[in-house]
Amino acid sequence: MNTMSMEDQETLIEKDPSLYNEDLAPLQKEKRNWNWLNYTTVWMGMVHNIVAYETAGSLLGLGMSVWQALATVITANIILIIAMWLNSAAGAKYGIPFPVLIRASFGYKGAQLPIIIRAFVAIFWFAVQAYLGSKAVGAVLGALIPGWNSLSSVHFLGLGLNDALAVGLFWILHAWVISHGMERVKFFELWAGPLVIVLGLALVIWSISVSNGLGPLFDEPSQLTGGAFWAAFGISVTGLIGTWATLILNIPDFTRFARSQKDQVLGQAIGLPGTAIIFSIMSIITTSGTIIAFGRPIWDPVELLQQFGNPFVLFLGAFALLIATLSVNVAANVVSPAYDLVNLFPQKLNFVKAGMISIVVALFFAPWLWYNNSATIFNVLGAIGGALGPVAGIMIADYYLVARGKYDLASFYKKDGLYAYKNGWNVKALIALGIGLIASFIGLIIPVLKELYTYSWFLGNGFGLISYIFLMKSERVSEANLENVETTV
């Protein structure tokens, strides 16, 4: 097994600067210092957000009982962590990010297509998170400014004027953070996550109090039985996976910093299913309590805070949600598309310019026009999962079944290496992607097959994986050459 020296890396920079820079370079061992606790805390910060809370709570809005909702959340998170682990290994082994790893399966030019898809979805998520965070801004301003809520009688772009101003202010706040770099985001993340947990625990205590114990919460009957439940279960699991579909792809951006495979595996196991399930349980119990207290499920935390009629509770809770949304949104949904856009236009864009473009484009998704019911949430999440599922399947198939766990590190940065294919395009990967996308959305294309759309992520992932393996059968690296092509740093 060869070892790439510093001189070799310098040669790569001189040879193909369009494929190699400081952000895309493989990390050296001494810089891979994230332990299991780092991954646990990163995931804790990621799952403590309004979308995660509302997605779990809205399961009750679909008619599920508490037990059914918990089973749905646990199932989705088990599938998620398996997918995360599978796509994490290569990043941890070679110290390279998603935009580089994807070159192995799509070619250095073909890789731009899934990168663009991922950037598009990340910008979409930014729009959703920013809109939900703006509701917290509006709630705070409504409590502080007399007559603020009366502005709702004036409409602007489908919003009341007060809501439109709140959206604009929160977007500007994101721009301010982006323009000053990630240091401020790191500062927010130190205390935003714990603040949201405190708020969540307070709501759980309130829910148990109004229900006179946990018993009534878990005794609320389901409105879904038989086939109706399984249909809702399928689309909900797919939707919950869709919540993190982008992270399944770009998890190597994080695991490239891993001190060892054990650290990233253990840390993610604790942080993703562990923290996510606990946070979802808090949401489900609280939403169940709102059914008892108010006669209907309220999964929107800002609306719930407003029900208490206490300005101090509203201000503290909304402030916690605002800060948490800001920190998570910039870190998860701006950094990714910003670097993707820089990767596409390295001569014209830097991080700040690309970040600003991302948040401007996000406005055109107008989530305030469609986000306000539980069925829509899961349909949208299903579409996201369906779009990204085939890419995840292709990446997993390429690493484990085509490359057999061994990549030629140097070829990632060469236009004449193993991953150059034909002029930088692996047509077979593009065909597999097309097959996966058709499988994902066949339920929308052919009405008689509409039930299949319930499982869009699974179909896209499975068909993308299988078709890629079949198409790449002749491209497999022989056992005799495996040891010769792999290089590490």
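How many helices and strands make up the secondary structure of the protein? Colour the model by secondary structure and you will find 22 helices and 4 strands; helices (H or I, at least four residues) and strands (E, at least two) are DSSP runs, numbered from the N terminus.

Before you click further, a word on what you have open. This is a predicted model, in which local features need pLDDT of at least 70, side-chain atom pairs count only at pLDDT 80 or more, and totals for chains, interfaces and linings use all residues. Residues are numbered from 1 along each chain as its sequence is written, and side-chain values use heavy atoms, with hydrogens and water left out.

**Stop 1: the whole chain**

Colour by pLDDT, the predictor's confidence in each residue, from 0 to 100. The mean for the protein is 82, and 89% of its residues reach 70 or more. Select residues 456-471 to see helix H21, where confidence is highest at a mean of 95, then residues 479-485 for helix H22, where confidence is lowest at 44. Two stretches fall below 50: residues 9-14, with 10 contacts beyond near neighbours in sequence, and residues 478-489, with 41 such contacts. Contact here means heavy atoms within 4.5 Å.

Now switch to a surface view. Of the 489 residues, 56% are buried (under 20% relative accessible area; exposed is over 50%, and partly exposed lies in between, with a 1.4 Å probe and protein chains only). Among contacts between residues at least 6 apart in sequence, 84% join residues at least 24 apart.

**Stop 2: H2 against H14**

Select residues 36-47 (H2) and 261-294 (H14). Their axes come within 7 Å and cross at roughly 30°; axes are lines fitted to C-alpha atoms, for helices over the stretch in contact, and angles run from 0 to 180 degrees between N-to-C directions. H2 is therefore roughly parallel to H14 (angles under 35 degrees; over 145 is roughly antiparallel, 65 to 115 roughly perpendicular, and the rest oblique). Show side chains next: the H2 residues in the contact include Trp 36, Tyr 39 and Trp 43, while Leu 266, Ile 270 and Phe 279 are among their partners in H14. The residues of this contact divide into 10 nonpolar, 6 polar and 1 charged. Ala, Val, Leu, Ile, Met, Phe, Trp, Tyr, Cys and Pro count as nonpolar, Asp, Glu, Lys and Arg as charged, and the others, Gly among them, as polar.

**Stop 3: H4 against H11**

Next, select residues 66-94 (H4) and 226-243 (H11). These helices pack at about 45°, with their axes 9 Å apart, and are therefore oblique to each other. From H4, the contact includes Ala 71, Val 73, Ile 79 and Leu 80; from H11, Phe 229, Phe 233 and Leu 240 are among the residues they meet. By class, the contact has 10 nonpolar, 4 polar and no charged residues.

**Stop 4: the loop between H19 and H20**

Finish at the loop between helix H19 (374-402) and helix H20 (427-445), where you will find Leu 418. Which residue lies 9.0 Å from Leu 418, C-alpha to C-alpha? Pick Gly 107, which is 311 residues away in sequence. Leu 418 is partly exposed, with a relative accessible area of 43%.

Most residues other than glycine have a negative phi. Arg 404, however, has a positive phi of about 60°, and Tyr 421 has a positive phi of about 50°. Arg 404 counts as partly exposed because its relative accessibility is 33%; Tyr 421, at 27%, also counts as partly exposed.
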